[in-house]
Amino acid sequence: MRAHEIYPNGGPRIGVYVCHCGFNIAGKVNVREVVEFAKTLPFVVVAREYKFMCSDPGQEMIREDVREHRLDRVVVAACSPSLHEATFRRALEQAGQNPFFFQMVNIREHVSWVTEDPREATEKAKALVAAAVRRVIFHEPLQRRRVPVKDRVLVVGGGIAGIHAALTLADAGKHVYLVEREPTIGGHMAMFDKTFPTLDCAACILTPKMSQVAAHPNITLWTYSEVIQVEGFVGNFRVRVRRKPRYVIEELCVGCLQCIDACVYKDARFPDEFNLGLGKRKPIYIPFPQATPRVVLIDPETCIWFKTGKCKQTCLEACERAAIDFKQQERIEEIEVGAIILATGFKTFDARRIPEYGYGKYPNVYTALEVERLVNASGPTGGEVRLRDGRIPKRVGIIHCVGSRDERFNRYCSRVCCMYSLKLAHLIKERTGAEVYNFYIDMRTPGKGYEEFYDRLLQEGVHFIRGRVAEVTDWAITPDEEGKLIIRVEDTLVGAVRRIPVDMVVLAVGLEPQPDADEVRRMFNISCSKEGFFLERHPKLAPVSTFTDGIFLAGACQGPKDIPDSVAQAGAAAAEALALIDKGFVELEPNTAYIVEALCSGCKTCIGLCPYNAISFDEARMIAVINEALCKGCGTCVAACPSGAARQHLFEDAQIFQEIEGVLAYV
Amino acid sequence: MSYLYFPGCSLKGTGRAYEESLLAVFRALGIPLAELADWNCCGATAYMSIDERQAFALAARNLALAEAQGASDNGAIQLIAPCSACYLVLLKAQRHLMTDTAFRQEMSGVLPGNMGDPGQIRIRHPLDVLVHDVGLQEIARHVRQPLRGLKVASYYGCQIVRPFALFDRPHDPSTMDDLVRTLGAEPVDWPLKTHCCGGSLTGTMPEVGLRLNYLLLREAQRRGADLIITVCPLCQFNLEAYQDFIRRRYPDLAPMPVLFFTQLIGMAMGLPPRELGLQRLLIPVEGRMAALSKEGAHARA
Amino acid sequence: MSERPVAGDKGFEPRIVAFFCNWCTYTAADLAGTARMAYAPNVRIIRLMCSGRLDPQFVLAAFRHGADGVLIGGCHPGDCHYQEGNYKALRRYLLLKRLLREMGIEEERLRLVWISASEGDRVQKVANEFTETIRRLGPLRLAPRPGMIRLPAAAQPEPQPAAREGVLP
């Protein structure tokens, strides 16, 4: 029986549109042939091709045909539905047709770009078009669900990206929860002394923003806190945040720091995390003088009271505000937000993974981040570049691309290392007068004022040796190498192996995803790219969105980024979040499940399967009932229903069966 | 577990002491080694640079023989190749067979065995087998004369950890250091363990080759090594045989014994020196050992 | 059933239907496209929101209508966009394999893979491998069913529920 035999009254009127996408599709698929083929399919009233269907004339073509030919079904064979499904649905709507009488065929990503042979590509495109035509016959008119949006935003991560996003939103009058894992906001930027290429002081531009955050009436700042659970969906996320105990009551502490002076440990003796172990702190401490909030905390790992239960608790006595509370417990806060911005940042590459560079073996091999602390005026040496033994280095080697552009570790370029190496070279030379050698593969200095900065360093007499360093060793051959670290490198411009003796080696470590990026990704239900950074929805057109609506990305959690780019992206993420919550509602894809009551046998199979508890049992009628507001449209219950009572809009059994038959056979 | 043993040309020639000590140690540990019957040149030396296909074919024949001879043990045939060059070429050929189907088909037509799955042969270095299969604990159990006070520089050369880093880190290997500690001796922190021994340059460009050897020997000497152990017949030969020549040019070099690592194991296990081929050493080790045991006796007294 | 499109004279070309979940595997297939990773054209992808939506009947229907192999793609365990749909798919898959065996269909003709959104290269690898597997197995020969209906009555559109507005066909 032919399909049209089922519709004696003429049946649906289908329009098929095949896109060239310039040469992207037409270069491989014989578009004309696909169009001619589409014309032979049942119920197809009109079939056309166009260079760019998504363009305005392309959409107008569809709108005109819908009106003129009274089309009630449209199939567009073009790119992935993730790109332009929304575009064409809108076109249908504009032409007065229900937007869900539409099916998209992915003949670019799934055909022309992945098929070598043009013949085979064309045949595959035809099969997919046939399937879509058969499927769309069974489409139904649907309405999008409108759901109100909570007007609060959660920002996760209080580095420069999170700070900027939070302030942007707060200034626009939205309430922001800013959650930071560390005891203070500021992130990596707070550790830097100067920023490239302008050499303006990092603290001078960052700390005012930090105190703005602390003082802003629209920002709830939770430091030393972590998001532990995320539920819900765009516009209506329910988030649980764990606030770790600082053993200091945040509301009472005024940051006078008298407790630190009073600690029974007279000297700071524990490695200080903020200074990467280059400095010392006490068990009760503040990470750095400009820490925000300016609230001390007690580290139970080193505090003698927590370790032994015996201590005179001199800190407690010293606090006039009685802010110290040894019995403080962690607190769980629950909040509801409409949008979430992830700005969880990065970690630096662990230089120990490259043993030939001697980090951890030779004390005078440093990571760049450690040197950032050494050159910092408020760092452990007060800004003096001194080696661990107190000497001032006379010769310094900076090794680029440590952990970056290296097949063994990360293939990608970390983008910031060339520039921060230049900055460190400048600062070290300025502070010590040392000879500074940069060992690079390629200098990458694209950016406003970046190339000029490189030029300036060349003028300053910093040395540049092109070649990937083979090893850092204490193996001296000549007397002047004795007692020094020798950098062995093939100078590819000279064409010879060189040995450069230095006093200090700086490893320009690359940027990597946070070690728990994968757990965070799962919690927020987003994806990671191959390297482990959070995946944006589209690399060009949706760079701060994710595949989960309502969750946006800012800063280096999405990929290595310098400060200007992080700030720009944070602004973009804030704007996206604003656009979402200012609209006041979201329209959800109407792909929810529903029960055909007459068919439901009341077996309850579906109820236990639903991960969202959206299905309940109506004891009176002895049938399952689906709460559409809770259903997210996975269709698991639909696949399990033994009587075919559970169904899913947009993914009806009948539609999928048609698609299966369609891809397997031309009608 | 049983092992097939591919000696290669060196272990029957200049590296005879390597074979002798290797067999003696395996015998003493109670691990049977069956020599691969009718083996041929591994395909190393100049072959690879002149005719790669022919070199691979030579190596492939050995793999085919192993497949035919080796009783499948846990699904894998274990083939021990002590010479670094053999070890590397066999691994390369195996990879070539696995990735180049045309070559595999060509070879299966002319070689014994059906070359069904070249990946089922596990090509092993004896250092890997001793440390990871036998285990340091088991070796420690067999140590009769711990080499207390002996300072040992371990030399890996270039071929067994690169490019196939199958059992140790390519740039900073440490398997031999662990082994040395097990034998009661003390490993020397010596950053040149994978640096070049000069290879064939000692013959073709002596000024370069000898300097490379000099740098290795001198650094071992400066770091207080009593001797060097190595895993490679060519490295052993280069480091040991040219010391007189080197001294003519660089007089600060003292004689430095260079042993195969298996000889050192045998010494610690108390095996007879002749079984370990110690008499073949050009720079004898006995003097040092005697001095050490005297010091040891003093210390004990 | 209509004639099989064959490019050139290459003998048996397997027909493969792939059910990919929207969030991971389908996106990975998009990525394979963006990265121009060519793979066997035999694989025809059908999008589901979740691998948990995969009704075993879809697989049986595919085989009945001439598929030589069926591929199911979902998110990695723990990564399901809907929390646990992929586990449901795994359960059904294991049962389905037993069923296929009893029906005389080689188990290898059905394969479940976990492919995340970033693993475009894995889509390429799996598509090629699976096509080769099926090529080796040869065409699936089910006994012909006389009187097979192309558009089964049950698959006709339901009457439109009155509550939903819209244009009727």
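Let's start with A:Asp406: its relative accessibility is 7%, and since buried means under 20%, this residue counts as buried. Keep in mind that the model is a predicted one. You'll find A:Asp406 in the loop between strand E21 (395-402) and H14 of chain A. Its side chain makes a polar contact of 2.9 Å with the side chain of A:Arg408. Setting aside neighbours within four places in sequence, A:Asp406 also touches A:Arg411 and A:Arg468.

Helix H14 of chain A covers residues 417-432, and at 1.5 Å a residue its 16 residues should span 22 Å; the end C-alpha atoms lie 21 Å apart, so the two values agree. H14(A) is mostly covered, with 13 of its 16 residues buried.

Now for a sheet elsewhere in the chain. Three strands of chain A form an open sheet in the order E11-E12-E17, and the pairing is antiparallel. E11 and E17 of chain A are the edge strands, each with a single partner, so one side of each has no neighbour in the sheet. On average, neighbouring strands here are turned by 20° against each other, ignoring direction.

Here are the strands at a glance:

| Strand (chain A) | Residues |
|---|---|
| E11 | 225-233 |
| E12 | 236-243 |
| E17 | 331-337 |

How many bridges join E11(A) to E12(A)? There are eight, and the two strands run antiparallel. As one example, A:Glu226 has A:Arg242 in E12(A) as its bridge partner.

Conventions:
Residues numbered from 1 in each chain as written. Chains lettered and ligands numbered in written order. Predicted model: local features only at pLDDT ≥ 70, side-chain atom pairs only at ≥ 80, totals over all residues. Heavy atoms only, no water. Helix = DSSP H or I, 4+ residues; strand = E, 2+ residues; numbered from the N terminus. Expected span 1.5 Å × (residues − 1). Buried < 20%, exposed > 50% of the residue type's maximum accessible area, 1.4 Å probe, protein only. Pairing = 2+ DSSP bridges. Axes fitted to C-alpha atoms, helices over the stretch in contact; angles between N-to-C directions. Polar contact = N/O pair within 3.5 Å; in protein donor to acceptor, adjacent residues only side chain to side chain. Contact = heavy atoms within 4.5 Å.
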